[in-house]
Amino acid sequence: AADPAVITWLREEWQPEELQHGAALRRYVETVWPDFDWVGAYDGFARDYRSGRPAPALPARRALELAGRCVVETGTATFYRMLAESSPEPVLAEIAAHISNDEIRHYKGFYHHFRRYAQSEATGRTAILASLWRKMGDIGARNTYYAFKHSYLVDNRGRAFHDDDYRAFRGRISRRVRSHYPHRMAVRMLLKPLGLGKHSHRVVVPLAEFAVRRLIGR
């Protein structure tokens, strides 16, 4: 709250663009799939999301929270890049490409402020790595599960939802993910806050990319 530069950027750039992404995707779905009950699915998702486990506490150091935000932006930027490159529908592909570009800019914004605080708070690489690892474990799975669950329920009125339905969905999309996910892009973005030297970067990036490919492949 004491940093006007961060506050101004969040309010004037980051937040409006994030809201714009949601509005654009909703408008797309309601246009191409008018029978889909967007409001019902969203309300169910929001209800489950808010009643789930509480959000993790913010790290004591601002640099570590900003590093965590870099992880979040890495996830969104690469997800929408994958969607843009794999979607057979040109309008959706174009929307996803624009969102991915916005998320890359958001990453750069968080990274810029991360660098400021990492220096002023004398934050070491070990603490940064631990923060990145924790954030990678926090994001994604819960959101995706709830989103699929309530999309499934509104599209299959009268049928109960089971975890096997979600596992089947993940199986159906796994090949597309393996083929189109930008693994190298994700690894470079995730490792950047660590400030690795050129030699370390040349060694670590291929190993990390292999690990990410194995993880996503599972």
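Reader: Which residues are linked with E17 in a network of salt bridges?
Author: D102 and R105 are linked with E17 in that network. A salt bridge here is a side-chain nitrogen of Lys or Arg within 4 Å of a carboxyl oxygen of Asp or Glu.

Reader: What kind of model is this, and how are residues numbered?
Author: This is a predicted model: local features need pLDDT of at least 70, side-chain atom pairs count only at pLDDT 80 or more, and totals for chains, interfaces and linings use all residues. Residues are numbered from 1 along each chain as its sequence is written, and side-chain values use heavy atoms, with hydrogens and water left out.

Reader: What makes E17 and R105 a salt bridge?
Author: Their N to O distance is 3.0 Å. The cut-off is 4 Å, so the pair counts as a salt bridge. E17 lies in helix 1 (residues 4–32) and R105 in helix 4 (residues 90–120), so the pair ties together parts that are 88 residues apart in sequence.

Reader: What makes R105 and D102 a salt bridge?
Author: The closest N and O atoms are 2.7 Å apart. R105 and D102 both lie in helix 4, three residues apart, about one turn of the helix. An α-helix has 3.6 residues a turn, so residues three or four places apart point the same way.

Reader: What makes helix 8 mostly covered?
Author: Seven of its nine residues are buried. Among them are H183, M185, V187 and L191.

Reader: Which charged side chain is nearest to E103 with opposite charge, and at what distance?
Author: R69, at 7.9 Å. E103 is buried yet has no salt bridge. E103 lies in helix 4. Not counting residues up to four places away in sequence, E103 touches E18, H21, E73, T76 and A77 (contact means heavy atoms within 4.5 Å).

Reader: How are positive and negative side chains counted in the protein chain?
Author: Lys and Arg count as positive, Asp and Glu as negative; His and the chain ends are not counted. By that count there are 35 positive and 24 negative side chains, and the centres of the two sets lie 9 Å apart. The place of a charge is taken as NZ of Lys, CZ of Arg, CG of Asp or CD of Glu.

Reader: How many helices and strands does the protein chain have?
Author: There are nine helices and zero strands. Helices (H or I, at least four residues) and strands (E, at least two) are DSSP runs, numbered from the N terminus.

Reader: Why does the radius of gyration agree with a compact globule?
Author: With 218 residues, a compact globule would have a radius of gyration near 17 Å; the protein chain has 19 Å, which agrees. The radius is taken over C-alpha atoms, and the globule rule is 2.2 Å times the number of residues to the power 0.38. Along its principal axes the C-alpha trace spans about 55 × 40 × 35 Å.

Reader: What share of the residues count as buried?
Author: Of the 218 residues, 37% do.

How values were computed
Buried means under 20% relative accessible area, exposed over 50%, partly exposed in between (1.4 Å probe, protein chains only).
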